[in-house]
Amino acid sequence: MADKDRVERLLASMTLEEKLGQLNMIDAGAPPMGEPEMERQVAAGRIGSLLNIHGAERLNRLQKMAVDNRLKIPLIFGLDVLHGHRTIFPLPIAETCAFDPGLWERTARAAVEETSRAAVTLTFAPMLDVCRDPRWGRIAEGPGEDTLVTSRYAEAKVRGFQGTDLRDGVAATAKHMGAYGAVAAGRDYGSADISERQLAEVYLPPFEAAVKAGVAAVMPSFNDVAGIPATAHGEILNDLLRTRWGFDGIVVSDYTAVVELIAHGVAGDIAEASALALKSGVDIDMQDEAYVRGLPDALKRGLVTMGDIDRAVRRMLTLKERLGLLDDTYRRTSAPPLPANHYDALARDAARRSAVLLKNEKSVLPLKPGTRRIAVIGPLGDDPLQMFGCWFAAAGMDSATIVRGLRAALPQTEILHEIGAHIEEPGETGIAAAVAAARSADVVILCVGEKKEMTGEAQGRGRLELPGSQRALAEAVLAVGKPTVAILCAGRPLTVPWLFERADAALAAWFLGSEAGHGIADVLTGAWSPSGKLSVTWPHDVGQIPIFYSHRATGRPAVPDVYYCNRHTDLPIEPQFHFGHGLSYTRFAVTKLNATPAEISGDQSVTIEAEVANEGGVAGEETLFLFLRDPVASVARPVLELKDFAKAVLKPGERKTVRFTLARNDLAFLGRDLKPRVEPGEFQIFVGANADRSKLTATAIRYR
Ligand code: NOJ
């Protein structure tokens, strides 16, 4: 509980300039006013928080300037800690493929241990943008296509970052609210012209989950939602977030988003832009000093009141109080340092759990013991900086590459390496050497994909093929005819059907972080039986986008060879890989699906049980998905909706019963009035290893 009196006392003693200072967040790496002036403003209480900065020494120096001021209000230091700080864990799109909330929480907690020692008290994470369009570069930073998975991810990350008491954690930011993942054509910062139903059903629930988990901050997105920029969306930021959900933290604008309201065309000048944002619920203005420059004028013009400003300042001071900054400003940085390799084992475990085995034919994997020579070919085989993907605040320059991982795991095997081609520059001069290496090897590991710089913010791509001359390289190497494993390092699914056809095995390795190569080596050698599953549907072709499992039914569903149906005439109906797809080195079978009771009413719940057996020869982990379909409702429901997922860890020959509970709430949907309702009738229940409906086991229950 925050000390309200203390906050009120502080507020009462502040001038307008000092109040606006608290709402002013500046990028310490690129201060618009230059560094000396930034420091002067920190000392004068004209800046309340800084971003893009870490490191105890520099930050404590700045902090001292702030607290030497007459008000003694410390700064908040914010940083994007999307997937680790010094130790980098898999990119969010990858880590969600582990389907493991415990892991998601542990990696966030580890990041806090590193970040808070570096004096950071606010992270701009977790990113909770459901995304069904891999053209959007920021799909890499988020949890994939599903609302339930994103909500579970939200809860786990908020728990991990904030802990049970903010004084021992880092304030988390649920971002970007909302529907940022739906920007048209995957072009960053574009419009998300979507229905209120989609907003409420698909894009906003993860933010509600974050609020219920106690998230301290929310960041609105850059885009407009059906004409209203999120930074000016009072219906979302005030009515929904604060009034209906009861959020009591701070809303931080995205970088220069307040001034951008002018470019959006909803404000005529900076006074209007800052008034609109403040009135719409944005408390903190990031980087462009819009509040400092615009609010005094807005006050004079009657566009805002002192009460509006006080409300935002109160929230900022309350957060500082909750973080313990007002009591013991330097406590976090006085914790004993952690050894550099403290989280290596966790990072390796996260890496191997996040890799997804997409294809494995002719038993090419796991690699046979005693393999004499392996050729690792491709620009992503031995480039340490590339393994991080986007956002790697304090990671330094080094990571375990695939070559390094294999050399450590297989000391008796000769590991050759040829780059073969560059990702961006054209040119095929390296291909001959790569082909020669492939010829001389027993197995080829082809490491291709995107550069880390091609993922994340502003990295929309209209084509999702292998960039540069990587295709020429891959085809030349495949033509050698050696057993070939393709490893795709990328921040999104890549549309390479020809590669999936011709390589014997394919692994989606995304960008797996500091220990990427060791995690991948664990999978390739069989030290770990792969267990990752796709958190996003993988298309064959860009033309299929958006393609996702939870689509609505149509009057003319897609059926092969039917003329008048919901299909493209020149593309397959099915995706390349379904949501949830991911192979292991063993075989799992799901049987004995049972729902009891089969009929419920009122608030009764149903227990769903299924038996999963390991019918193969090695131990493994299987993730089971529980899907629901409401076949007849007053609003057409998706063909499948994920309601839960669970893991079974099984030795060879072992079988276990996996249990789920479906509560009345799980049967609810938003009616025509967008209010939740449950309608009586049949509900179909599906359990299985992925969203391929033809392979799911089914039963049904009735709600009376
Ligand atoms: C812009 C990005 O959209 C946002 O996600 C990030 O937190 C801020 N920059 C600060 O780095």
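Let me begin with a term: a residue is called buried if its relative accessible area is under 20%, exposed if over 50%, and partly exposed in between, taken with a 1.4 Å probe on protein chains only. What you see above is a predicted model, in which local features need pLDDT of at least 70 and side-chain atom pairs count only at pLDDT 80 or more, whereas totals for chains, interfaces and linings use all residues. Residues are numbered from 1 along each chain as its sequence is written, and side-chain values use heavy atoms, with hydrogens and water left out.

Turning to the aromatic rings, the whole structure holds 18 aromatic pairs, where rings of Phe, Tyr and Trp (its six-membered ring) pair if their centres lie within 6.5 Å, and planes under 30 degrees apart count as stacked, over 60 as edge-to-face and the rest as tilted. One of them joins Tyr563 and Tyr564 edge-to-face, with 4.8 Å between centres and 75° between the planes; Tyr563 is exposed at 62% relative accessible area, and Tyr564 is exposed at 61%. Phe625 and Phe627, by contrast, are stacked, at 6.0 Å centre to centre and 25° between the planes, and both Phe625 and Phe627 are buried. Ring pairs also link these two into a cluster with Phe99, Trp104, Tyr153, Tyr549, Phe579 and Phe645.

Which residue lies over the face of Phe645? That is Arg152, at 5.4 Å from the ring centre, and Arg132 lies over the face of Phe548 at 4.2 Å; a charge sits over a ring if NZ of Lys or CZ of Arg is within 6 Å of the ring centre and within 35 degrees of the ring normal.
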